[in-house]
Amino acid sequence: MKLIQSALFGALLGFCGTMLHNFNQPIGLILSLILTYIGFKVVGQKFIYLRYQVIAAASWLALVIRASTPWSGDEILITGNTLGNLFLLGGFTTIIISMFKSRSRFN
């Protein structure tokens, strides 16, 4: 059950970040990265083991990659502009930082 919950929570974070990153040009990107960081800290607190964080990160990445590829009607949610690339790179970096910062013994 925790496996499904962590995958759904990661997908929810990916969806919210995708919708938020284009909201108000610099503010939306910053808010989406903050949301991603806080969300993955919550995943780390709720599901203590690292494997659940990795599953949530994989579902986040799968949703974001799917949102950045053209669909059947040629609609695309994450465009290949500066903000889209910063969201992809910054979001993944934020996830990695939040996962390994929580493993530090000097919290």
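Modeller: Let's start with G39. G39 counts as buried, because its relative accessibility is 5% and the cut-off for buried is under 20%. One caution: this is a predicted model.

Colleague: Noted. Where is G39 found?
Modeller: G39 sits in helix α2, which covers residues 25–46.

Colleague: What is G39 in contact with, leaving aside its neighbours within four places in sequence?
Modeller: F9 and L13.

Colleague: And how far apart are G39 and I95 in space?
Modeller: Their C-alpha atoms are 9.2 Å apart. In sequence, G39 and I95 are 56 residues apart.

Colleague: New topic. Which residues form the nonpolar patch on the surface?
Modeller: L50, V54, L61, I65, F92, I96 and F100. Together they have about 550 Å² of accessible area.

Colleague: Which helices each supply at least two residues of that patch?
Modeller: α3, residues 50–67, and α4, residues 82–101.

Colleague: Which gives the most?
Modeller: α3, with 4 residues.

Colleague: Let's pick out F92. What is its relative accessibility?
Modeller: F92 is at 37%, so F92 counts as partly exposed. F92 belongs to helix α4.

Colleague: What does F92 touch, leaving aside neighbours within four places in sequence?
Modeller: W60, L61 and F87. Take L61: F92 and L61 are 31 residues apart in sequence. In space, C-alpha to C-alpha, the two are 7.7 Å apart.

Colleague: And F100, where is its place?
Modeller: F100 is in helix α4 too. Its relative accessibility is 48%, so F100 counts as partly exposed.

Colleague: What about T94, buried or exposed?
Modeller: T94 is buried, with a relative accessible area of 13%. T94 is in helix α4.

Colleague: Which residues does T94 touch, not counting those up to four places away in sequence?
Modeller: L33, T36 and Y37.

Colleague: On to the rings. How many aromatic pairs does a search of the whole structure find?
Modeller: It finds 3. One of them is Y49 with Y52. The ring centres of Y49 and Y52 are 6.5 Å apart and their planes are at 50°, so the pair is tilted.

Colleague: Is Y52 buried or exposed?
Modeller: Y52 counts as buried, at 14% relative accessibility.

Colleague: What about W60 and F87, how far apart are they centre to centre?
Modeller: W60 and F87 are 5.9 Å apart, with 55° between the planes. That aromatic pair is tilted.

Colleague: Which parts of the chain does it link?
Modeller: The pair links distant parts: W60 in helix α3 and F87 in helix α4. They are 27 residues apart.

Colleague: Now the loops. Where does H21 lie?
Modeller: H21 is in the loop between α1, residues 2–20, and α2.

Colleague: Buried or exposed?
Modeller: H21 counts as buried, at 0% relative accessibility.

Colleague: What is H21 in contact with, leaving aside neighbours within four places in sequence?
Modeller: G28, L29, S32, L77, I78, L83, G84 and F87. Of these, L77 is 56 residues from H21 in sequence. Their C-alpha atoms are 9.9 Å apart in space.

Colleague: Which backbone oxygen lies 2.9 Å from a polar atom of the H21 side chain?
Modeller: That of T18.

Colleague: Last one: D74. Where is its place?
Modeller: D74 is in the loop between α3 and α4. D74 is exposed, with a relative accessible area of 64%.

Colleague: And what is the phi of D74 near?
Modeller: Phi of D74 is near 60°. That is a positive value in a residue other than glycine. Most residues other than glycine have a negative phi.

Methods: Residues are numbered from 1 along each chain as its sequence is written. This is a predicted model: local features need pLDDT of at least 70, side-chain atom pairs count only at pLDDT 80 or more; totals for chains, interfaces and linings use all residues. Side-chain values use heavy atoms; hydrogens and water are left out. Patches are made of residues with over 30% relative accessible area and no salt bridge: like charges are joined within 9 Å, nonpolar side chains (Val, Leu, Ile, Met, Phe, Trp, Tyr) within 5 Å. Accessible areas come from the Shrake-Rupley method with a 1.4 Å probe; for residues, only the protein chains shown count as cover. A salt bridge is a side-chain nitrogen of Lys or Arg within 4 Å of a carboxyl oxygen of Asp or Glu. Buried means under 20% relative accessible area, exposed over 50%, partly exposed in between (1.4 Å probe, protein chains only). Contact means heavy atoms within 4.5 Å. Rings of Phe, Tyr and Trp (its six-membered ring) pair if their centres lie within 6.5 Å; planes under 30 degrees apart count as stacked, over 60 as edge-to-face and the rest as tilted. A polar contact is a pair of N or O atoms within 3.5 Å; within protein, one must be able to donate a hydrogen and the other to accept it, and residues adjacent in sequence count only if both atoms are side-chain atoms.
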